Amino acid sequence: MDVSGASGQPRSGDDQPTDHPAVPTPPSPPAPREGCPDTTAPAAGSPGAEADGTDRPDVPEGAAAQDDDGVGRDGQDGQDGPAPADGAAPHRTLAHSEPPGGPGMAKGEPPRPPKEPGGGILMGRPFGVPVYVAPSWFLVAALITWVFGGQLDRVLPDLGYARYLVSLFFAVAFYASVLVHELAHTVAAIRFKLPVRRIQLQFFGGVSEIEKEAETPGREFVLAFVGPLLSLVLAGLFYLAMKPVQAGTVPGVLLAGLMVSNLIVAAFNLLPGLPLDGGRMLRAVVWKITGKPMSGTVAAAWVGRALAVAVLVGLPLLNSSGSFGGGTEDTGGMDTVTDALLAAILAAIIWTGAGNSLRMARLREHLPDLRARALTRRAVPVETDTPLSEALRRANAAGARALVVVDADGRPLSLVRESAIVGVPEHRRPWVAVSSLAQDLTDDMRVSAELAGEELLDALRAAPATEYLVVETTGEIYGVLSAADVERAFVRAMARPV
């Protein structure tokens with residue numbers, strides 16, 4: 001089964017929600033580490049909004065167009081570029097930034113590149129995708145070893161304590177089958193050019209974290225169906241392997257157990273509710289009928305929640321009634337508690353997964369609101385030897401909140417880090433050149449003003465930095481984009497209702 005990592009991709013029923021929010025997630029913007037400038041203040045009316053006598057907007061202003069000399073200028077209505085959100089107060093200027101350690105400002109070095117996703121013990125990289133075994137797997141492996149060992153004691157009493165070694169082998173072989181299930185999702189995702197972040201074997205199954213959503217309902221259906229299909233194929237192979245093997249032997253019992261377990265995995269994952277693969281298939285069908293992926297997600301998520309309730313109530317009742325092969329006279333108090341606990345865990349996994357899938361779908365609907373043009377700060381170009389005090393005077397006069405260091409021909413060289421600005425006492429600013437506070441520009445720190453949504457987040461993830469130079473398609477400077485501004489907008493998008 002596969003699970004939606006950052007973007008809500010298919011997830012099979014033998015998965016468990018990942019430790020991080022499902023969120024699940026489209027790629028997240030670079031988180032501000034210590035040293036990332038974070039100078040956008042609280043919205044007007046919030047605590048601290050007027051501490052320095054200047055209202056602070058919740059949504060950053062866009063950058064001004066450039067005059068012939070490159071200096072930001074105001075347009076017809078006092079500004080070129082995007083206007084603030086309704087009701088937003090005038091933007092803050094660099095002169096009114098908080099001191100180091102104040103609200104919204106971090107100290108330290110620029111952010112380091114993101115680390116490779118972890119999640120347990122790295123077992124390998126089939127198809128270039130890292131496979132991890134989570135610590136929770138060892139707990140489940142021990143539980144399977146104990147339970148299956150008890151069953152072996154009734155079927156093969158002559159094994160003695162060796163039955164637990166056979167049971168451990170069964171647990172490993174079962175999770176190998178789960179890995180094949182997840183690899184089916186992974187291969188399909190790679191075939192559709194969808195990036196797969198990792199595969200994780202964990203409590204109650206596995207997770208294939210696919211970072212982007214399928215582009216069509218047909219691909220979504222195929223991506224979800226290949227997992228249960230491979231589990232059915234494995235069940236058939238184990239059945240064929242049983243034919244020449246004598247019943248009542250260790251190989252016979254193992255093959256029978258693996259056949260049944262893969263049938264259960266396939267059947268469970270085909271249930272039509274998120275986060276199960278069957279829920280993804282239902283989502284694809286509703287998406288195809290309505291033409292709206294969100295409608296499919298809402299329908300499949302609520303069916304998933306109904307399934308969670310059905311599992312919570314129905315599984316203990318079915319077990320106690322003997323519907324799974326046992327008589328009611330065999331049901332004891334401990335068995336009843338075990339059944340109820342298992343049902344509660346499964347129901348919680350399904351309910352949580354359905355909610356996460358719905359949440360991520362809502363986030364994707366709002367992702368287009370993350371536009372580089374709307375989040376960009378107006379910038380003023382200054383030459384390398386310009387004193388900081390003079391640069392700040394120009395920025396404040398132009399209503400700008402960022403400084404771009406340029407050469408004599410007006411070509412951008414570096415970006416002045418706001419976290420460095422606030423670290424310079426006011427009485428020293430006339431003797432500090434802006435170039436000493438700037439971060440050199442690299443090609444991947446240039447962002448198109450036309451980027452929005454996942455494309456914008458992907459561009460920022462590819463080159464973690466505190467600020468980015470935003471340029472027009474013609475190459476003209478539009479302004480400076482702060483990673484902190486993008487993260488705040490991302491968080492607001494996650495919190496908004498549909």
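Student: Where is Pro275 found?

Tutor: Pro275 is in the loop between H4 and helix H5 (277-290). Helices (H or I, at least four residues) and strands (E, at least two) are DSSP runs, numbered from the N terminus. Before going on, note that this is a predicted model, where local features need pLDDT of at least 70, side-chain atom pairs count only at pLDDT 80 or more, and totals for chains, interfaces and linings use all residues. Residues are numbered from 1 along each chain as its sequence is written, and side-chain values use heavy atoms, with hydrogens and water left out.

Student: What is the peptide bond from Leu274 to Pro275, cis or trans?

Tutor: That bond is cis, and its omega is near 10 degrees.

Student: Now the helices. How is a pair of packed helices described?

Tutor: You give two things for packed helices: the angle between their axes and the distance between the axes. Here axes are lines fitted to C-alpha atoms, for helices over the stretch in contact, and angles run from 0 to 180 degrees between N-to-C directions. Take helix H1 (residues 135-155) and helix H2 (residues 162-191): their axes come within 8 Å and cross at roughly 130 degrees.

Student: What do I call H1 and H2, then?

Tutor: H1 and H2 are therefore oblique to each other. Angles under 35 degrees count as roughly parallel, over 145 as roughly antiparallel, 65 to 115 as roughly perpendicular and the rest as oblique. The crossing of H1 and H2 is also right-handed. A crossing is left-handed if the near helix is turned anticlockwise from the far one by less than a right angle, and right-handed if clockwise.

Student: Which residues make the contact between H1 and H2?

Tutor: Contact means heavy atoms within 4.5 Å. On the H1 side, the residues include Trp137, Val140, Ile144, Phe148 and Leu152; on the H2 side, they include Tyr164, Leu168, Phe170, Val172 and Tyr175. Sorted by class, the contact has 15 nonpolar, three polar and two charged residues. For that sorting, Ala, Val, Leu, Ile, Met, Phe, Trp, Tyr, Cys and Pro count as nonpolar, Asp, Glu, Lys and Arg as charged, and the others, Gly among them, as polar.

Student: How many aromatic pairs does the structure hold?

Tutor: It holds five. A pair of aromatic rings is described by the distance of the centres and the angle of the planes. Rings of Phe, Tyr and Trp (its six-membered ring) pair if their centres lie within 6.5 Å; planes under 30 degrees apart count as stacked, over 60 as edge-to-face and the rest as tilted. The rings of Trp137 and Tyr175 have centres 5.6 Å apart and planes at 85 degrees, so this pair is edge-to-face. Trp137 sits in helix H1 and Tyr175 in helix H2, so the pair ties together parts that are 38 residues apart in sequence.

Student: At what angle do H3 and H4 pack?

Tutor: Helix H3 (residues 217-242) and helix H4 (residues 250-269) pack at about 160 degrees, with their axes 8 Å apart. H3 and H4 are therefore roughly antiparallel to each other, and the crossing is left-handed. Their contact has 15 nonpolar, three polar and no charged residues.

Student: And how do H3 and H5 cross?

Tutor: Their axes come within 8 Å and cross at roughly 160 degrees; H3 passes H5 in a left-handed crossing. Among the residues that meet are Glu220 and Phe225 in H3 and Arg280 and Trp287 in H5. This contact has nine nonpolar, no polar and five charged residues.
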